[in-house]
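Please read them with the coordinates open.

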Amino acid sequence: MATSETKTNNDTKSSHDDLAITLDYPKFSGLGHYDLYQYQGFWCFAKVIESIKDFQQNFKASETDLVIASTPKSGTIWLKALAFAIVNRFRYPCSSVSKNYHHHPLLTVSPHDLVPFVEFKHDTLDNDHLRFTKNNPTHDSPCRLIATHIFYPSLPESIKTGTTKCKVIYLCRNPRDIFVSLWLFINELRAQLPESNDYHPSLSIEEAFEFFCNGVSVFGPFWDHVLGYWKESLENPHKVLFMKYEDLKKERKTQLKRLAEFIGCSFTLEEERQGVIEDVSSLCSFEHLKNLDVNKNGSRKRTVNKAYFRKGEIGDWENHLTPQMVKRLDSLMEEKLQGSGLVFQH
């Protein structure tokens with residue numbers, strides 16, 4: 001069982017963070033990269049709590065806002081690219097034969113910068129101008145695209161209420177692949193820490209698996225995260241679109257049409273005849289994004305962009321999980337998701 005401790009009001013600065021903040025939340029140090037704190041039911045880094053609070057208290061959703069939500073390592077960067085390409089396809093054509101294709105932002109800018117996370121400090125939203133004030137202020141979109149990993153109940157009220165037409169797209173992934181990808185990503189981040197850092201650069205899969213099954217993961221527990229958005233998508237399907245990574249991989253054209261229709265900018269019959277859906281799919285494919293120079297050699301603060309692109313495959317868990325791990329994880333998911341109607345195919 002993962003252990004935790006409480007950080008008192010006498011403590012200030014979190015490790016590796018210049019932000020002086022007093023915390024009074026359950027704390028977990030077992031992952032060894034950054035300490036995790038339990039805030040409103042989910043685990044996150046100390047440095048993002050103030051950003052989340054500010055988001056909750058001050059963000060005012062507009063009619064055209066589009067929120068991309070997910071658990072970490074569920075294909076978020078892919079969905080960001082797809083959403084950006086779809087809503088901007090008239091300004092930035094996705095066909096490689098178009099004369100303006102080489103000016104497409106996705107060719108030179110990370111999707112994480114084009115659609116920034118609200119919980120990370122370098123992504124600053126400008127409510128007045130419906131655009132981002134940092135990174136790429138010239139890339140204005142017909143709608144404001146923002147992303148988050150936080151739980152549905154913790155979203156600002158202006159997003160959740162029916163007073164605006166703001167929409168939420170949620171992407172989830174098979175928990176077996178989620179766990180493996182998250183474990184490898186954590187070790188990738190730990191390997192980038194300075195040599196003087198006290199933490200060991202590798203976390204065993206057994207140890208990480210124990211944490212995950214006990215609900216301790218970045219923006220976890222996993223099951224609470226997916227259930228929050230799943231239930232809302234059933235109650236308000238016009239407000240929340242629930243998508244699965246596996247469906248997006250296997251039924252790409254169908255899912256892209258579904259995504260565009262939900263956003264409010266469906267592909268026309270003429271666009272379908274011209275192959276626009278295929279152009280969007282090709283431009284935003286995992287393989288294409290992974291091999292772009294910005295994603296091979298670029299970086300974002302302490303993380304190199306290539307860390308966000310590993311395999312992008314379905315079923316890589318088979319190369320890492322033991323039969324005992326699979327049995328335990330499947331049993332846990334069956335217990336946690338029981339009665340919800342949400343199932344994951346393997």
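1. Which residues of β10 lie on one side and which on the other, and are they buried or exposed? In this predicted model, Val 240, Phe 242 and Lys 244 are on one side of β10, Leu 241 and Met 243 are on the other, and all are buried.

2. Overall content. The protein chain has 14 helices and 12 strands. It holds 346 residues, of which 58% count as buried. Among contacts between residues at least 6 apart in sequence, 69% join residues that are at least 24 apart.

3. The sheet. β10 belongs to an open sheet of 4 strands, ordered β8-β5-β9-β10, with parallel pairing. β8 (145-148) and β10 (240-244) are the edge strands, and each of them pairs on one side only. From one strand to the next, the twist averages 20 degrees.

4. Strand pairing. β9 (residues 167-172) pairs with β10 in the parallel sense through 5 bridges. In that pairing, Leu 171 has Met 243 of β10 as its bridge partner.

5. β8, like β10, pairs on one side only, and both of its faces are covered. Leu 145 and Ala 147 are buried on one side, while Ile 146 and Thr 148 are buried on the other.

6. Helices on the sheet. Helix α7 (residues 222-235) packs on the sheet and touches β5 (66-70), β8, β9 and β10. The direction of α7 makes about 125 degrees with that of β10. Helix α9 (residues 252-263) lies across β5, β9 and β10, and runs at about 165 degrees to β10.

7. Aromatic pairs at α7. Searching the whole structure gives 17 aromatic pairs. One of them joins Tyr 152 and Tyr 229 in an edge-to-face arrangement, with 5.4 Å centre to centre and 80 degrees between the planes. Tyr 152 sits in the loop between β8 and α4 (157-160), whereas Tyr 229 is in helix α7, so this pair links distant parts of the chain, 77 residues apart. Tyr 152 counts as buried because its relative accessibility is 8%, below the 20% cut-off. Tyr 229 is buried too, at a relative accessible area of 0%.

8. Tyr 170 lies in strand β9 and Tyr 229 in helix α7, so the pair ties together parts that are 59 residues apart in sequence. Both Tyr 170 and Tyr 229 are buried.

9. A separate entry on rings. Tyr 25, Tyr 39, Phe 42, Phe 151 and Phe 219 are linked into a cluster by ring pairs.

10. Helices α6 and α14. Two packed helices are described by the angle between their axes and the distance between the axes. For helix α6 (residues 205-213) and helix α14 (residues 323-337), the angle is about 10 degrees and the axes are 11 Å apart. The two helices are therefore roughly parallel to each other, the limit for that term being under 35 degrees. On the α6 side, the contact consists of Ile 205, Glu 206, Phe 209, Glu 210, Phe 212 and Cys 213; on the α14 side, of Met 325, Arg 328, Leu 329 and Leu 332. The residues of this contact divide into 7 nonpolar, no polar and 3 charged.

11. Leu 36. This residue is placed in strand β3 (residues 36-39). Leu 36 is buried, with a relative accessible area of 0%. The C-alpha atoms of Leu 36 and Pro 26 are separated by 8.4 Å, and the two residues are 10 residues apart along the chain.

How values were computed:
Residues are numbered from 1 along each chain as its sequence is written. This is a predicted model: local features need pLDDT of at least 70, side-chain atom pairs count only at pLDDT 80 or more; totals for chains, interfaces and linings use all residues. Side-chain values use heavy atoms; hydrogens and water are left out. Axes are lines fitted to C-alpha atoms, for helices over the stretch in contact, and angles run from 0 to 180 degrees between N-to-C directions. Angles under 35 degrees count as roughly parallel, over 145 as roughly antiparallel, 65 to 115 as roughly perpendicular and the rest as oblique. Contact means heavy atoms within 4.5 Å. Ala, Val, Leu, Ile, Met, Phe, Trp, Tyr, Cys and Pro count as nonpolar, Asp, Glu, Lys and Arg as charged, and the others, Gly among them, as polar. Two strands pair if DSSP finds at least two bridges between them. Rings of Phe, Tyr and Trp (its six-membered ring) pair if their centres lie within 6.5 Å; planes under 30 degrees apart count as stacked, over 60 as edge-to-face and the rest as tilted. Buried means under 20% relative accessible area, exposed over 50%, partly exposed in between (1.4 Å probe, protein chains only).
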